[in-house]
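User: I would like to learn how to read a few features of a model. Please take them one at a time, with the general idea before the case.

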Amino acid sequence: MIDERFVDVLASGCDAGIRYEEKLEQDMIAVPIGPRRQRFAAAAAPDYLDRSGRPKHPRDLLQHHCLRGRGSSGALLPWEFEREGEIVMIDPPGPLIVNLGAGVELTVQAALAGTGVVFLFEDWLRPHLDSGALEPVLPDWWQDFSGPFLSYHGHRHVPAPLRAFVDFIKTKGAQPISDRGFCASSI
């Protein structure tokens, strides 16, 4: 089951869920999966930046076309940046607002087409950054955070398939993500 809403894993009938550290419940066992450090990255097509200018500070994005994401609650998610202890949260304007999850690819395609600035997981943008199709925007301000965890209840019987999956995750934990053959992420 894939659900972008924040749900009670056990009440929804699931044995485990994927969560980030700040969303972990205290009575759950958490096993790290995926990259241990992640960042949100801002990027835009070079031709968009040639036309609109290159931001020097996160607040400069308030004068740009920003491609926004709406969380499962329906709220527009603010963009958060950090550098040398200064945290800046902005609510930029934008010509495109998508529901995160299903709309992420549309947001990336709009950025590639020169529509505006996108703000997503760096790993999602990395192929386009590496190819030069997208240019980093304010990379010194990209905020990093701990990666996702597989979480499951520690006070009840762990079903054999879940136990096998947890054991598999633990054996793969020391390998680079590219060697794992999977990647899990959640918004």
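**Confidence and overall make-up**

Analyst: The protein averages a pLDDT of 79, and 73% of the residues score at least 70; pLDDT is the predictor's confidence in each residue, from 0 to 100. Over residues 174-187 the pLDDT is below 50. Beyond near neighbours in sequence, that stretch has 25 contacts in the model, a contact being heavy atoms within 4.5 Å. The model is predicted, so local features need pLDDT of at least 70 and side-chain atom pairs count only at pLDDT 80 or more, while totals for chains, interfaces and linings use all residues. Residues are numbered from 1 along each chain as its sequence is written, and side-chain values use heavy atoms, with hydrogens and water left out.

User: How many helices and strands are there in the protein?

Analyst: Helices (H or I, at least four residues) and strands (E, at least two) are DSSP runs, numbered from the N terminus. The protein has four helices and eleven strands. Of its 187 residues, 40% count as buried, where buried means under 20% relative accessible area, exposed over 50% and partly exposed in between, with a 1.4 Å probe and protein chains only. Among contacts between residues at least 6 apart in sequence, 72% join residues at least 24 apart.

User: How is strand pairing read, and which strand pairs with strand β5?

Analyst: Two strands pair if DSSP finds at least two bridges between them. Strand β5 (residues 79-83) pairs with strand β6 (residues 86-90) in the antiparallel sense, over five bridges. Phe81 has Val88 of β6 as its bridge partner. Two residues lie between the strands of this hairpin, in which Glu84 takes a positive phi near 50°.

User: Which strand pairs with β11, and how many of the residues of β11 are buried?

Analyst: Strand β2 (residues 28-32) pairs with β11 in the antiparallel sense over five bridges, and Ile29 has Tyr152 in β11 as its bridge partner. Five of the five residues of β11 (residues 149-153) are buried, so the strand is largely enclosed by the rest of the structure. From β11, Phe149, Ser151 and His153 point one way, Leu150 and Tyr152 the other way.

User: How should I read aromatic pairs, and how many are there?

Analyst: A pair of aromatic rings is described by the distance of the centres and the angle of the planes. Rings of Phe, Tyr and Trp (its six-membered ring) pair if their centres lie within 6.5 Å; planes under 30 degrees apart count as stacked, over 60 as edge-to-face and the rest as tilted. By this rule the count comes to five aromatic pairs. The pair of Trp79 and Phe119 is stacked, because the ring centres are 4.9 Å apart and the planes are at 25°. Trp79 lies in strand β5 and Phe119 in strand β8 (residues 117-121), so the pair ties together parts that are 40 residues apart in sequence. Trp79 is buried at 2% relative accessibility, and Phe119 is buried at 10%.

User: Which pair is edge-to-face?

Analyst: Phe121 and Trp124 form an edge-to-face pair, 4.8 Å centre to centre with 80° between the planes. Phe121 is buried at 6% relative accessibility, whereas Trp124 is partly exposed at 29%. One aromatic cluster is formed by Phe40, Trp79, Phe81, Phe119, Phe121 and Trp124.

User: Is Glu122 buried or exposed?

Analyst: Glu122, in helix α3 (residues 122-131), counts as buried at 13% relative accessibility. Not counting residues up to four places away in sequence, Glu122 touches Arg39, Phe40, Ala41 and Trp142.
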